[in-house]
Amino acid sequence: NAAASAWNRSSKTVRVYFNSGHTGTYQDFAPGAKGNLNATLKNQNASHEFGPGSSGSRTNMSYSLYATSGGSITCGFDGYSSTPGRHEGIDIARRVGSSVHALVAGTVINVARGSTGSGGLSTIAIYNSAANKTVIYLHSAPSSSLRVGQSVSRGQVIATESWHGVSSSSAAHTHVEMRPGRVTLAAKSVGDPRLDNPNPTSFWNSQGYNVR
């Protein structure tokens with residue numbers, strides 16, 4: 001953090017990003033290169049990545065969910081540390097009102113709109129038949145036009161970030177969950193000691209995403 005210059009002493013290109021979590025504007029340093037960070041990056045909350053693009057042309061989930069920088073993973077798969085239960089998805093947050101985009105194309109098989117507050121859980125379930133996987137989004141407010149049976153394309157806006165089923169706006173986030181097969185509901189996380197979903201990293205990688 002708050003760096004002014006960089007020296008790449010590795011054998012790979014190093015990319016320095018404006019934001020933590022490999023998001024935002026960036027500047028590349030070739031192997032062995034040294035130099036000052038540009039005015040956009042200097043003294044910011046930077047992160048860096050070795051060999052950008054070496055994992056293919058993947059983009060970060062936290063960027064693609066909102067189609068802009070500023071999002072971050074706040075709880076990973078099976079990532080609860082103080083909440084009882086096994087976390088079945090990945091929590092990503094930006095801010096209330098941010099547009100939420102579909103990460104994978106498919107057919108909408110469930111929409112529950114819910115309401116703000118802990119008792120108002122929302123659900124969007126999108127089934128991708130080619131992968132035989134369902135991607136489920138919780139807590140965000142589904143778009144008013146979203147309907148069961150609708151085809152959704154990758155990158156399409158499906159919701160806005162909110163706190164449907166979350167106790168307060170300060171904890172607003174979008175829970176993104178991959179489930180094998182055609183499933184309309186997310187697996188239970190809070191208070192459930194059993195994992196019902198497999199680790200989704202390989203699935204997200206296959207769809208062109210880094211789990212970041």
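D78 is partly exposed in the predicted model, with a relative accessibility of 30%. Its side chain meets that of R86 in a salt bridge, with an N to O distance of 2.8 Å. R86 is likewise partly exposed, its relative accessible area being 29%.

A search of the whole structure returned 3 salt bridges. Another of these joins E177 to R179, where the closest N and O atoms are 3.9 Å apart. This distance falls within the 4 Å cut-off, so the contact between E177 and R179 is counted as a salt bridge. E177 has a relative accessibility of 0% and is classed as buried. R179 is also buried, at 15% relative accessibility. Because the buried class covers values under 20%, R179 is included in it at 15%.

A further salt bridge links the side chains of R194 and D196, with 2.9 Å from N to O. In this pair, R194 is exposed, with a relative accessible area of 54%, whereas D196 is partly exposed at 31%. The value for R194 is over the 50% limit and therefore places this residue in the exposed class. In general, side chains of opposite charge can pair when their charged atoms come close.

Definitions and conventions. Residues numbered from 1 in each chain as written. Predicted model: local features only at pLDDT ≥ 70, side-chain atom pairs only at ≥ 80, totals over all residues. Heavy atoms only, no water. Buried < 20%, exposed > 50% of the residue type's maximum accessible area, 1.4 Å probe, protein only.
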